[in-house]
Amino acid sequence: MFLMKESNRVEFKQELNDSLEKEVVGFLNYYEGGEIYIGIKDNGEIIGVKNTDDVQKKIVDRVKNNIFPSSMGLFDVKTEINDGKEIIKIAISSGTEKPYCVKKYGMSPKGCYIRVGTTIQPMPMEMMDSLY
């Protein structure tokens, strides 16, 4: 049984979805980084991931191509087995070139996010300016 809960450093995702980039950006901009687990419901129930190799490749591709500045070397993706099911863990370090943003939205509240508690929040312009 998985005994971890969502926190300022841990995010659970039932499946790979459209919010991946903003979640990764939030952790890159957070002073401690964090971990995203795919295949776990918000309540901590492990449901697992099918085709973990394919999903991992999609994750690496999206993080590599959709986040600016480059986050290469700041994240790692691996499969873990928990409760007999395969889940994917994305470990993200705090970035050194803040602010990070979702490339297609650029440096704007729609593109830059930061982790606050168990949520990802748009970064205010003043904060982006002070980090930049």
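Start by selecting Arg 115 and Glu 11: they form a salt bridge, with the closest N and O atoms 2.9 Å apart. Keep in mind that this is a predicted model. Now color by secondary structure. Arg 115 sits in strand 7 (residues 113-116) and Glu 11 in strand 1 (residues 10-13), so this pair ties together parts that are 104 residues apart in sequence.

Glu 23 belongs to helix 1 (residues 20-29) while Lys 13 is in strand 1, so here the linked parts are 10 residues apart in sequence. How accessible is Glu 23, buried or exposed? Its relative accessibility is 7%, so Glu 23 counts as buried. Lys 13 is buried as well, at a relative accessible area of 13%.

Now hop along helix 1 to Glu 21 and select Arg 62 with it. That's another salt bridge, with 2.8 Å between the closest N and O atoms. Arg 62 lies in helix 2 (residues 52-66) and Glu 21 in helix 1, so the pair ties together parts 41 residues apart in sequence. Glu 21 is buried, its relative accessible area being 8%.

Finally, show Glu 11, Lys 13, Glu 23 and Arg 115 together: salt bridges that share partners join these residues into one network.

Note on methods:
Residues numbered from 1 in each chain as written. Predicted model: local features only at pLDDT ≥ 70, side-chain atom pairs only at ≥ 80, totals over all residues. Heavy atoms only, no water. Salt bridge = Lys/Arg side-chain N within 4 Å of Asp/Glu carboxyl O. Helix = DSSP H or I, 4+ residues; strand = E, 2+ residues; numbered from the N terminus. Buried < 20%, exposed > 50% of the residue type's maximum accessible area, 1.4 Å probe, protein only.
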